[in-house]
2 protein chains.
Amino acid sequence: MGQEKEEYKNKANWDKFLPGLAIDCVIVGYHERELKILIMEYENTDLYALPGGFIEKDEDLDKAASKVLKERTGLKDIYLSQFHTFGRHDRSDTDAMKIVMENNDIKYDENHWLLRRFVSVGYVALVDYKAVAPTPGIMSSKCTWFDLDSIPTLIQDHREIIDEALLYLRNHVDNKLLGANLLVDTFTMKDLQKLHETILGEKLHRTGFHRKMMDSGHLKRLGKKKTGKAHRSPYLYRFVTENDMD
Amino acid sequence: MGQEKEEYKNKANWDKFLPGLAIDCVIVGYHERELKILIMEYENTDLYALPGGFIEKDEDLDKAASKVLKERTGLKDIYLSQFHTFGRHDRSDTDAMKIVMENNDIKYDENHWLLRRFVSVGYVALVDYKAVAPTPGIMSSKCTWFDLDSIPTLIQDHREIIDEALLYLRNHVDNKLLGANLLVDTFTMKDLQKLHETILGEKLHRTGFHRKMMDSGHLKRLGKKKTGKAHRSPYLYRFVTENDMD
C-alpha cells in the first residue's frame with residue numbers, strides 16, 4: 001500500500017484517470033434482518049465518505065468500479081450494479097477535499113485536479129456483512145459497517161447517493177444478481193423472505209411470496225434441510241445459474 | 001441556428017463543456033400499438049445517431065439532457081429518465097466523428113476534443129409520436145421516427161443504448177411518469193393496456209391488468225366516455241397528480 005499511496009501524492013499521476021468523472025460504491029450489508037452500509041473515514045480527518053475512486057483512461061467503467069471497491073475496501077469478486085449517475089453542478093465539496101489532501105501531505109493549488117467538478121457514477125452491491133471482511137485502502141484509515149440509522153455526516157452528496165441506492169434495491173429486490181452476492185450457496189424460502197422484508201421495510205405474505213419467487217424462474221429447489229426434526233425440515237433453494245440452462 | 005452552428009465550428013468553444021462526458025437521448029414514440037425511435041442523421045454523411053450532446057461546466061446533468069434534446073430535436077417539456085451510463089473504453093467511433101467534422105468544415109487534429117474517449121449518460125423518454133414534431137438541430141440534417149425493426153446502422157454503441165432503454169422501459173412500465181407524457185389528459189383502461197402490451201411485447205390479462213392498475217394508486221377514475229352507445233361506454237381515467245393529494 002505504501003507505494004500506491006506515494007502514487008496518489010504524485011501530482012503527475014492524476015493524468016492517468018479520466019478527468020471530472022468518479023465512481024462511488026454503496027455496499028449494503030445484510031445479516032439476520034439488519035442492513036448496514038460500508039463507510040470510509042479519511043485518514044486523520046473525521047471526514048466520512050462512500051468508497052470511491054476514478055477511472056483509468058483505457059479502463060472500462062464497470063471494471064474500474066470493481067477495482068475501486070477492491071482497492072478501497074479489500075472486497076473483490078462482488079457483483080456491482082450501476083444504478084444512477086450524480087451530476088448536480090454544485091455537488092463537489094472542495095473544503096473537505098482540501099482537508100483530505102492537507103492531511104495526506106498532497107500539495108495543491110486552487111486548480112488541482114481533485115478540486116474540479118466531478119460527475120459520479122453510483123454502483124451498489126448487497127453482501128452478507130458477516131461473510132466479508134473490509135480493510136481500508138489508500139487514503140482511508142477506517143472502513144466500517146454503520147447501521148442505517150447511525151450513518152455519520154458524509155461529504156458531498158454521499159447521503160443522497162445512499163438513499164438512491166436503497167431505493168434502487170427496493171425496486172430491484174427480485175433481481176437474482178443482487179441476491180447472488182448474499183445467498184451464495186443454499187437458503188430456505190424463509191431466509192429469502194426475511195431478506196426481502198428487510199430491504200422493503202415491510203412484512204410480506206408467506207404464500208404469495210413463495211409463489212412469486214417460484215414463478216420468477218430464478219430459483220432451483222434442492223433437497224430438504226437437515227434439522228433433526230423431519231416434519232419441520234424446510235426445502236433448500238439456490239439461484240439458477242447459466243449451467244442450469246444447458 | 002446559423003450562429004449556434006458557427007459556435008460548434010469554433011474550436012475554442014468546446015472548452016465550455018465538461019471533457020469526456022456526453023449525453024444520449026432515446027426518445028421512444030408510441031401511437032396505436034406502434035413503437036418508434038427518434039434518430040438523427042448527420043448532415044451530408046449518411047451517419048445515423050441518437051440525439052446527443054454535452055454538459056456545460058456549470059450546468060446540472062439533468063438540465064443539460066433536457067437542453068440537448070431541445071437543441072437537437074426541437075422537443076421540450078418532455079420528462080426524461082436517466083437509465084444507464086455507458087463507459088466501455090472502446091465505445092468511441094473516431095472515424096465517424098471525423099466524417100461529421102469534415103462535412104461540417106470543422107478543422108481538427110488527432111487530439112481534437114471530439115475524438116477523445118467519451119463516457120455517455122443515457123436518458124429515455126416515451127412520447128406520443130403523433131403529438132410531437134421533431135425538427136433537426138445543429139449538425140443534424142434529418143430527425144426521423146424509425147420503426148423498431150427498421151433502425152439503420154448507428155454510430156458508436158447507440159444500438160446497444162437503444163436496447164438498454166427498451167429494457168428499462170419494460171421494467172418500469174408501471175411508473176406513472178412514463179405514461180404521463182403519452183396518454184395526455186384522459187384515457188380508457190383499454191388505452192392503457194394497449195400501451196403496456198406494446199412496450200412489453202406481450203398480451204396481458206384484462207381483469208388482472210385492471211386490478212393491478214387500480215391497486216397502484218396512480219389512477220383516478222372519472223366519468224364514462226361518451227360513445228353514443230350507453231352499454232358500451234368505458235370509464236375514463238387520468239393519472240393522479242400532486243393536487244389530488246391535498
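Predicted model: local features only at pLDDT ≥ 70, side-chain atom pairs only at ≥ 80, totals over all residues.
Leaving aside neighbours within four places in sequence, A:Pro134 is in contact with A:Leu38, A:Thr73, A:Leu75, A:Cys143 and A:Trp145. Chain A and chain B bury about 1,500 Å² between them, and the structure holds 25 salt bridges over all chains.

- A:Pro134 is located in the loop that runs between β6 and β7 (140–147) of chain A.
- From A:Pro134 to A:Lys225, the separation is 91 residues in sequence and 31 Å in space, taken from C-alpha to C-alpha.

**A salt bridge within chain A**

- Side chains of opposite charge can pair when their charged atoms come close.
- A:Glu41 and A:Lys142 form a salt bridge, in which the closest N and O atoms are 3.6 Å apart.
- Because A:Glu41 belongs to strand β2 (residues 34–42) of chain A and A:Lys142 to strand β7 of chain A, the pair ties together parts that are 101 residues apart in sequence.

**Interface between chain A and chain B**

- The size of an interface is often given as the accessible area lost when the parts come together.
- Of the area of about 1,500 Å² that chain A and chain B bury between them, 53% is on carbon and sulfur atoms.
- In chain A, the residues that lose the most area to chain B are A:Asp60, A:Gln82 and A:Arg117, which together account for 29% of what that side buries.
- Chain A contributes 20 residues to the contact, and chain B contributes 20 residues.
- Between chain A and chain B there are zero salt bridges, while 15 residue pairs are in polar contact, with both residues at pLDDT 80 or more.
- On the side of chain A that touches chain B, two or more residues come from each of β1 (17–31), β4 (52–56), β5 (81–86) and β6 (119–128) of chain A.
- By class, the residues on that side of chain A are seven nonpolar, six polar and seven charged.

**Helices α6 and α7 in chain A**

- Two packed helices are described by the angle between their axes and the distance between the axes.
- In chain A, the axes of helix α6 (residues 189–200) and helix α7 (residues 206–216) come within 11 Å and cross at roughly 100°.
- A:Met189, A:Leu192, A:Gln193 and A:His196 of α6(A) make the contact with A:Arg206, A:Phe209, A:His210, A:Met213 and A:Met214 of α7(A).
- The contact of α6(A) with α7(A) comprises five nonpolar, three polar and one charged residues.

**Helices α6 and α7 in chain B**

- In chain B, helix α6 (residues 189–200) and helix α7 (residues 206–216) pack at an angle of about 100°, and their axes are 11 Å apart.
- Therefore α6(B) and α7(B) are roughly perpendicular to each other.
- The residues making this contact include B:Leu192 and B:His196 of α6(B), and B:Phe209 and B:Met213 of α7(B).
- Five nonpolar, three polar and one charged residues form the contact of α6(B) with α7(B).

Methods. Residues numbered from 1 in each chain as written. Chains lettered and ligands numbered in written order. Heavy atoms only, no water. Axes fitted to C-alpha atoms, helices over the stretch in contact; angles between N-to-C directions. Helix = DSSP H or I, 4+ residues; strand = E, 2+ residues; numbered from the N terminus. Contact = heavy atoms within 4.5 Å. Nonpolar A, V, L, I, M, F, W, Y, C, P; charged D, E, K, R; others polar. Buried area = accessible area lost by both parts, 1.4 Å probe. Salt bridge = Lys/Arg side-chain N within 4 Å of Asp/Glu carboxyl O. Polar contact = N/O pair within 3.5 Å; in protein donor to acceptor, adjacent residues only side chain to side chain. Parallel < 35°, antiparallel > 145°, perpendicular 65-115°, else oblique.
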